[in-house]
Each structure stands twice: as C-alpha cells, then as structure tokens.
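Work through the following exercises with the sequence and the model at hand. Each task is followed by a solution in steps.

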Amino acid sequence: MTPRPTDPSGRPVPPGPSGPSVPTDPRRRSLLSLAATAGLTAALGGLPAFTASAAPRRPTGEPAPSSPRDRLWWRAPGDERSLIEQGLPVGNGRLGALASNDPGRELLLVTDATMWTGGLNDTLDSDGQFPYGRADFGSLTLLARLTVDLPDHDLSGVHGYRRTLDLAQGLVTADYVRSGVTYRRQIFASRPDDAIVLHFTQSGGGRYTGTVTLEGTHGEQPAAGGSFGATLPNDLRYGAAVKAYGSGGRIRVNGPRIEFSGCADLTVVLSGGTNYAPDADSGYRDPALAPEALARAKVAAAARHPAGTLLRTHVADYRRLYERLSLSLGTSTDAQRSLDTWERLAARARDGAPDPELEALYLQYGRYLMISGSRGSLPMGLQGLWLDGNDPDWMGDYHTDINIQMNYWMADRAGLSPCFDAFADYCLAQLPAWTDLTRRLFDDPRNRYRNSTGKVAGWTVAISTNPYGGGGWWWHPAGNAWLSNSLYEHYEYTGSREYLAKIYPLLKGACAFWEARLLTVAAPDGPGEVLIADSDWSPEHGPLDAKGITYAQELVWALFGNYTEAAAVLGEDAGYARTVAGLRDRLYLPRVSPTTGWLEEWMSPDNLGETTHRHLSPLVGLFPGDRIRPDGSTPKEIVDGARALLTARGMESFGWANAWRALCWARLKNAEKAYQLVADNLRPSSGGSNGTAFNLFDIYETERGRGIFQIDANFGTPAAMIEMLLYSRPGHIELLPALPAAWAASGSVTGVPVRGGFVVDLRWREGTPTEARVRSVGGRTTTVVFGGASRPVRLAPGEAVTLKGFTR
Amino acid sequence: MRSPSYSVPRTRALRSLTVLALAAGALAAVPPAQADTAAPGPAAKPYMGWSSWSMQSSKYPGLNPDGDYSYLTEANVLKQADALAAKLKKYGYEYVNIDAGWWRDKNWTPHFDRYARQQADPVRFPRGMKAVADHIHAKGLKAGIYLPVGLEKEAYDKGAAPIWNAPGCTTADIVHADLRTTNGWDSAYKLDFTKPCAQKYIDSQARMFADWGYDFLKLDGVGPGSSKSGENYDNVADVAAWQQAIAATGRPIHLELSWSLDYGHVADWKKYSQGWRIDTDVECYCNTLVSWENSVDDRFDDAPAWARHAGPGGWTDLDSLDVGNGAMDGLTKAERQTYATLWAIAKSPLYTGDDLTRLDPYGLSLLTNTEVIAVDQSDAPPAVPVTPSDPQQVWAAKNPDGTLTVALFNLADAPAAVTADFSALGFTGKAAVRDLWNHENLGTHRDRISQALPAHGSRLFKVTPRGQALTWSGVEAEDPANTLAGNASVAGCSACSGGKKVGNLYQGGRLTFHDVVVPKAGTYQIRVSYISGDARSALVSANGNGSTRHTFASTGDWGTVTTVHVPVSLKAGANTLTFDSGSGYAPDIDRIDVPKSS
C-alpha cells in the first residue's frame, strides 16, 4: 500500500486518509429485550457476528505451566499516548484491546472487528473512482475505552515492575511491589466467554481501592449501570458493558463509574459489540440485535464464575490453536535470555548476533496475534483489532493489493488454518455487493480502468474494501484474482472439498470478469495472438494505464488454473472450465527485458517505475504464486530475470515490503538474504523508524519521525520464516529450502501444514534434516525433497510416515 | 525574573578546594563541603522559600485579574507568607521573595523617590515595603526583594535626580554620557563605575533595602547572560558594586543573580553572589505556571557543567520549583517528582512559586519530603550525570559518609526501564538501596538497580555500597595504537591525562581503540573522559557492530574534563571500541577506562 499522505512520486493520487472526521452524535436506542436478542442471534448462528454464545466448556484442572521460552517480557508499562507501540494486544478473535498495564491506571482501548463507520459507498467520484473518507468509505474505530484507576499505585511509587505476555497461554500479566505487597494483574480475552477479563490479585495483605470507568469514544452519553449503547450515523448499533466483582471490600456502581474499595482481589469483565451482520441482503445489519443488552448478558454470565475459571477456560481454548505448531530455531545465550524483550531487540540489532529464541518468539507472537485477531468475525485489516484512536491511517481497512493477502499467508503455514476462515467468510459475504457494484459501476465511462470491450461480468474490487460491500480509493481489477488465489491456496492446505464448494462461485465470478475484460492482441514476440489485461496500474507505481501488466497476467493465469482445478474437483461446469483453460493457454506471460535483464513489469523493456519500489507486484508469480520455480521446471532466463528484478528492488525497505522480499528470496533459496530481511524487521523502531515497536508491532515510517503500525509485517515475516524451513505445493515438499546459518546448528518445527493436504514435523542438525514426519490430513501422494534427492510418499488420510537418513 | 540578595561570601578558599576535587573525577571522594564548625556563612546551604513570579507570570484563570503581573500585592504576598509559615516553614522554607513589579503599577508605570530609587506602588503595597517585611519577619520568615540591574530609564529624570547621601552626584553622574543601555531587556542605562557616584547609587539602594529589613535581593537581567553579550551588557561591575554595598549596610542580604548567566564568568558570579540562575525562566507564561517542555526539561542539559562550581556560599539556581498543585503547575505527577528530584540533587535553591494556599496533597508531599530536602541541604556536592545525557539517564553524588545519592531519570515521552549499574557508580557487587521519595528500603541489590519509570519520571535512591571498589584499566585516546579516521587528530590538552586528547571528531571523524581487553563477554560500563564546550553526541560501537548514539553533556568550556559511563557489549578477549562523529560533531576524547568486571 502506498503512504498517500506523503506520496513522493508526485503522481496523481486519490484523497488521503485524512478525510472527514469520524462521525459523532450517535443516537441512543431503546433496548430490545434480552429474550428477543437471544432468539435472533440463535437464528444467525454460525455467522460471524456479535452473538449469544453457547455455554463454554469448562476444563477441570490447572493448565500446564508455560516455559519462559514462550514469554515476552518488559520492564516498563505502556504510555497512554503511545499505546499503539507500547500497549500489549489481547483479543478473542473479534473483540480486541491494547492494554497499558500502568500500575496506577490500567487502560484498555477496545476494538470490535465490526466497529466500522461508512457504508456501501456506491457514488463514484468524478474520475470514476471511489471516495475514500471516514464517512463514506468508512473506517475501523474504537468500541470503548476502559480504565481501572488505582490512585495509590503510581508507577513512581512501585518497585520491581514487570509485565509479561505469555504466548503459550494468551495471557498478559503485570507484577509490581508496593510497600511490601506484591500486586499482580492478569488480562486476557476469552473467546468461550466472549469477554475481556482483568483479574487483580495481591499477596502480602494489600487492598485495591479505585474506580472502573467504561466510556465510548464517539461522544456517547456516559455509561450508566455499567454499560452504554449508541448508534453510528451509518445506523450501526453498538454497545459495551462492564462488571466488577471481587472479595473483601465494597464495590458499587456510581453513575458512569464502578467504585471499589478495600478489595483483596478484583475481577473486571468487559464485553461489547455491534449489530453488524455479514449479510448483503440485510444491508450488513441485524436489526433485531441489541448490542448493549447482549453485552450486559455476557458480562453477567461470565461474572458468575471466578476469574480462575474464566482463565482456565480461555487458556484451554487458546491452546488448542497455539499448540498446533511448535518451533525451535536454536539456542540463545544466557546473556540474551537475561534481557527483557526490548533490550533483546536492541542487542540483536546492535551486536548482529543471531538470537534464535527471540526470532522464534517473534514468529509465535505473529501466531498469537492471528489467534487473537481472526476468529469468528471480520478478518484483520491493516491494524488487526488494535487501534489507538478513531482515525487509523488508511482507515485500518482491507487493502487488496498486498496487505490483506499477506495477513493471511501465515495462517495456514503456521498451523492456524481455522483463523483463515474469517478472511474467506468475509469475501463470501461481500461477494453479492462486489458483484452488484461491478455490474453497476465498473464500466462508468469516467473509470479509466473500465473494460474497453464494453462487456462487464462477474466481480472485482477496489484497492481498499470495507465490510459493507464498499470499495475505497481506486478500482483494482486484478484484486479479484489475488483474493481468489489466496482463498484457493487455503483449499490446497486443507483439502476441504466443502470449503472449495463454498468459494467456487467466487472463483467463477472472477473468471467471468476476466473473460469479459481480456483483450486479444498480436503476440509481441511473433506469430499469433495473446490475451492481455486491459488498462491497469501495477501497484502502486509507474504508468496508470498500462495494458498487459505482469501483475494482472500472472494473477489471472493462476486464477484460471485454480478455477479449472476446482471445477474438476467439484465436478462442476466442465464446459466453462474448458473455456477458461483455453483462455489461460492464450494468456501472455512476462518476458525478461533485454534492456534491464529484469522480468518485465509493464510489457515493456523499459523500467517505467521506481526501481526500489516497495511492491513486488511483477514477482507475484514467484511468491505467493509458484509459476516461477528455481528447480529446472521454469526456464532459467525467467528465474534469472526474477532474481535480477528482486535484486534491483533492493534490501532496504520496511515491514511488509521486507517480508515479501524475504519470501521471494526464500523461494529462490537464498537463505542469507531472506534471513537478513527477517532480522531487519526485528530492528527496534525508535522515533517512528521502520522496525519493531516495544510491543513488537511492526512500524512503517511513512515520513521522517512518523511511524505507523501496520500488522501485515507481523504476519508476513513469520510466513517468510516458515517458507525458509519448508516449501510446498501440491505434490511437492522441500525441506529446509533456505535455512540460514543462524538456525542451522539444530532446530525443529512441528505441525506445519503443507499444500496438498499434509502436516510435517521436521528436525534438523547441522543444516540437514534428521527426521521428517509427514502426516496426511487428506492428501494421498506427494514427494519430499532435500538436497536434490526426492522421496515419494503415499499415505491414506490419517496415516503418517517418518523419513530419516537425509544427506546433503 | 527574580533574584535574592544577601551579604558577602566568605568561604572562597574552601570552595575552590571542592572544585578541584570534583574536576578530578565526577564521583571522586569529596571532602565534606562544610568543614569548619563555626557559624555557617552566607548561603551555607541552598536557600528555601517562595517567590511571587510564577503566579505573576501565569495566565492561569483568576491569578492576575487586573492585568499581567497584577498578582503581586501586599495582600497576596502576606497570604502566601502566612501559608508558608503554617505549612512549609518547619521543613526549612523561610524566604518570601517579592519579584518584579513591586514599584510599578498595573500598567507597569514605575515609581521612584527623589533619589531615583524604586518606591512601592501604593496600590499594590499601600503600606509600603517595610510593613511587608515586618509582617514576614513576625512569622519567623525572611523577606526578599527584587531589582533589575542598571539605572532604570524612567529613573534618569534628565540626569538631574540627586543620589542619596552623595553630595554633588546626580543621575547624570552615574551613567555613560552616551546613555548606553544594559540588562536583558535594555530597560536601564548602564552604570559607569569609573565614576564614584555610581557606587553611591548602589549604596543608596542597598541602604534602603536594609532599612526596610530585607534579607534577600534578586538582581535580574544581569549579563553577560540574560540573552545578552558584549561590553554594554557586562554587569560584573554592577554585581561587585552590590556586594560591596550590601556589605556596607551591615545587614546580611543574600544576593541572587538572574538569568541565564554566562558560564565563562562563573568565577565572577561566585566571587560576588550567593547564587546564579543558569537558565531562562522556568515559567511558561501560559495557562499554567510552567510546562515540561517550556522549560523544566532544559535544566537536565544545562545543570551538569555548573555543578562543580556550586558549594557553600553560592549555588546553581534552577529557578522556581512549581510542583505544589498539579492543575496550576501544568505537569503530570511524574513530571513534578522529576522536577523536584533534579532540583534537590543539583542542590538548587528550593523556592516554590505555587499558590501555597492551594497545595494539593501530592504537591505538599513533594515539597515536604524530608529525605529529599535533606539531599538538597546536605554536605554532599551536587550530583552529576554518570551516564550520557540520553533519554534515560542516571545522576549521582558521593556523600561524605560513603553512601551515594543516585537519581534515575526517564526524559522520554513514554515509560521506560532505567538502570543504574553499580560499575558506573564506581563499585561492584552488592548495595543496599533506599527509595527516598517513598521512604522505603528496597533491600540489597547486586550489580545494578533498575526500575520502571513513567514518561518524564524519576527515582531517587540512597545507595550504600556493600561491595568492592571497581578497578579500571585505562587507555589514552592519543595512544599511538589507536586509529584515527577522517578529521580526527591528536591535540594538546593541559586538563587531560597525558596532556593530550583526540579532537576534531566531526563529520566523519572517528577514533578507534584497539585491544580493549575484558575477561568475559558482557556489557561493560566504559568510563569515557571527554571535553565538550557544548552538548555533543557520538556513535559508539564495539567490534564494528551496530552503534548507539549517546549524547555527552556540555562540560561548560574546552578546558575541563568530565567522565560518563557508556554501556558497551564486549566479547571475551580483545575488542575494538569506536567513537564516530557521524555527520555531526562529537566531543573531544581524553581517555577511556575499562572496568575489570562487567
């Protein structure tokens, strides 16, 4: 995505994200009865929404303790003014928060994935493109702000402060000592109880006295009785509720606050949500859902259980996902282990010495964010569930020209396939609206990207999308192919025919769009004709109206292949599949420029854009596609041209651009370049510089001194790390394709899904696999490759085989 | 604006001893500053009290209802004096200082007697200035008053005003013929002390204050300083005249100088006064009394160089301590504690400008913390930074009893952990740590004390070493085994060990020490001896690894060596250590000392 506020290119760009201010003046609505709410939400069951939840399964017994190797820790809390870099994220997949962990004032900035302003946004600007403001297109915004004030617990007056994020339990803890008493608070976001829980305890005879305050951030009436509810100007209703309980002392609701005094321990439970519904027919609303009442019911239900029970329930739920993958990249030194996470990042960058345990922790942190941010609701956009205000850059939206795809590259690769569902469900719920908008608006004569064939079919998207079927900024014709290919890749990992049937209409609609759009032209290199994409912009540089851009050609080529495979698997539309296969055969594919030696980006030998541009759009066939393979199956000149282009793009970029580069270098089996890019993303960000913030969020410096959190690198970098250890495509698994020296001594990864329907456990020593266990989760045949030797594997679903004796 | 006045300094010899010892090493053992047991001399300790200027200068609602600076009235001063007596006197606060405007009406029009001496504005002080001093004295407190330096233009009266008790002298006889102006506002004619009448004029003012019963004079707008330089703004002779005039009255009147006094004249300020403001006003002239950026935080950069010049008889004045009421002060709780911490460890006078009738409980606790006040009033020298002046920094002073006063500061805009490594304090092993603000013993710590600090936060500890003194091995910057790059070159330096240093570290200048040998891998606090007439930074790196930029506080001039400790990650055996100016300017390096253990 482009930093439009400061686009240095001087090229025409659409309006920046600093559009109209966030709507205010929400209207309070009367409450529906709880009974009516429960009835309706039952009818919606299974759809991603804020709904009544089934009674959680309550585990018995204590969870196994986690290891220090699973923990990030810090020696300072977050500042209220810089929570985006210092707040610790929690989330239950839908409801998220950034927590300050300040002893005297715990602050949670709470977001619901559906808390979006804006709407369908179907009145195009004069240039035939989409408006991109906070009122029309919309923005993800905060749901609420929760503070727990402990007036006598100023940070300046406590000692031994420490805060921990336990990635194995999904648990934030802060400890400190004040006047001889050890105080501890635990914060977690529970999916089974659909609530965020804060549990304050102490040992040594201390007491808690203070206030809990729940507030909206959109100018709502103050909370009363522990809850508030309101309606945004786009008619989205929302609400949140909080309840506090504990032992000893006194707790009472007083106006907008809950006051507590003399409590030996205190539990605060928060829930909330909106009446968003992932249903185009209903205008993406559930008119019967009363969010405030539902939130009150949820906190009341949770508060019937002690905090320890809520925690055990959460940990059991969280671990079911977290433990699907384990990772060791080697052993760090005692000196490295003795440092807190922030010091450790600084030392890693300063001394240049690998810190394999920190690097593994970084990957697991990405998995933590995925589990916390992508379950049962909308998928994660540019910031996931974590905001520090109501004006996130680029609306915190879904950018379809790299960012949302990158967010989900790691879901399957890192053993979190269930977290992918939010992405697929989102696309499917948007499809009717996307189809409608495409049909009505794409051929607008003012749209420079319209089809010159005069035909329109199927669907496509804009560069930005919202959850109301709307697009923002410019049309993005090839966006449909990239989304489709991303969704199809999930099928390749899971092998779920049911899932494939679900996304099949989406693939087919994308094919229909391209069937109507492709132009027939004389082949540039000789006899015959080829099909090329109509006028388009290679994201996000170079000419605005170029035909046959590599980005579109590659994505459509992959789309057509995926569609024909899907049709064959499902036994659908054999005739149309043949048509699509025929189109695919005629697609022009990029050649290598005789001028630059690079794979061409614009069907031109000339470099028409920025040499070191952040996007790797013309390499989309190298990653995430795999048309370009350095294994002899792709003409050497194409591989060389891709490598030359990647080399020219350089190693000096930021966050997601580095992650994408690392993935491409992993595909080209250049382990050290891939590792360097991973290490560069781990550099601590200071003063807004590119790198990793205190809380490990990735920071992108859009202008000097101004760093923006973009979550994509937090997912793209782990995806690159996995790709360095395992490369797969259906029928092919390559072990340790790009293992850097830093991780070579010994390591292991277990539970890695691979394309074709298998899961791999891998151990290595001195850069060579000692053992690879391949388990079928639906796949039947594949080939395991290492060091030039291939071993065929044939398994029935559920079977596993362990391979040994690998040599270089 | 503001300044106190008093009597003649008498302990110069003793103080120069102190200065020499401090110059030898930041935390070198210092002889107890107050060695003699006779009655304390003037300003034996930093004074404590209240000043009117913070409230006069603020636009905080209600403070100045009759226009700018109108807070200053007899009623308000006496109200504050009463509150000071009731709430703070028992903690050592005693001065009630009237700042600028006592002789000017609400339109700032002045009043003078027939001898060109400032006279009370009858609206502000209907009973005159003596009555105010009498009331203050009756409360067991001391009274302070204020003047700008020079002959105020409005007092000139065409040169015809006679000088009191100086037959034949008129205002024409005390200034230069060309009526050149002076002081920080150019609001006065410069006095010409080659003319005997000039001293008589100062004598007449001092006599007036003594007669009224004042104990303190702030002389303001003094140069070089007060944003001025050059001959017309050199007021050293004025200050000397005041010292002489005060002595002649026989009344001890503390003389305090203001503002942003020139460092190059520190010997003059020490010779003739009891305190010198080193910075511009701490007040923000805004809707609160002060603000963090304008200009509490400046003091962290400016105080270190002055520290070695402070001691009994004369102190570094950091200006008012406005921490008593959070809403009025315009500061967070953490900022207020930090403000008070720096003032105490720098041994600045502790005079608050708050509304003493409206102190909030936290503010009162800050102003009356006896352990913190004791640091300010102790016989130890002012603390100085033992680390670079980075956003997280550590200051320390060695106390006569062998303990250390150690302050941690986090000047960043977000919370951060701050660590005082014991090796940067000169010892290794264990130490007992007491938290002075919280009156709490934190037990025994090994090798370091580290705490989480809020944004702009601080901690103040007494550290009692229970370990061993650290031993060091030093390498001179000019050692021929070192490598110089870019402009870097060896230069003579009389203050430096070995008589030489490496300078010209600018725009790519680089100094690399080779064979920095340590027994085992770890982070070492390298003691860097440097000279830097202004604050400069350098990129420090080991073994060609990534560098860290550190800022080195100004040493005040180019003839004084100071040390700080820079953390460097070293491997066992030989290491290289590089100081790189980068694209800017780095300090001159005298030598480094490497501790024998990490």
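**Exercise 1. Describe the contact between chain A and chain B from the side of chain A.**

Step 1. The contact joins 20 residues of chain A to 22 residues of chain B; two residues are in contact if their C-beta atoms, placed from the backbone, lie within 7 Å.

Step 2. On the chain A side, strand S6 (159-166) and helix H6 (341-351) are the elements that give two or more residues. Helices (H or I, at least four residues) and strands (E, at least two) are DSSP runs, numbered from the N terminus.

Step 3. H6(A) gives the most, with 4 residues.

Step 4. Sorted by class, this side of chain A has 7 nonpolar, 8 polar and 5 charged residues. Ala, Val, Leu, Ile, Met, Phe, Trp, Tyr, Cys and Pro count as nonpolar, Asp, Glu, Lys and Arg as charged, and the others, Gly among them, as polar.

Conventions. This is a predicted model, in which local features need pLDDT of at least 70 and side-chain atom pairs count only at pLDDT 80 or more, while totals for chains, interfaces and linings use all residues. Residues are numbered from 1 along each chain as its sequence is written, and chains are lettered from A and ligands numbered from 1 in the order in which they are written.

**Exercise 2. Locate the two domains of chain A and describe their contact.**

Step 1. Domain 1 of chain A spans 1-477 and domain 2 spans 746-803; the bounds come from an automatic or database domain assignment.

Step 2. Taken over C-alpha atoms, the centres of these domains are 36 Å apart.

Step 3. Domain 1 of chain A puts 11 residues into the contact, and domain 2 of chain A puts in 8 residues.

Step 4. On the domain 1 side, the elements that give two or more residues are strand S16 (326-328) and helix H8 (403-413) of chain A. S16(A) has the largest share, 3 residues.

Step 5. By class, that side has 3 nonpolar, 5 polar and 3 charged residues.

**Exercise 3. Give the strand order of the open sheet in chain A and examine one pairing.**

Step 1. The order of the 4 strands is S25-S26-S30-S31 (chain A), with mixed pairing; two strands pair if DSSP finds at least two bridges between them.

Step 2. Strand S25 (726-729) and strand S31 (789-794) of chain A are the edge strands, each pairing on one side only.

Step 3. Strand S26 (residues 732-735) of chain A pairs with strand S30 (residues 781-786) of chain A in the parallel sense, over 2 bridges. Opposite Ile733(A) stands Val784(A) in S30(A).
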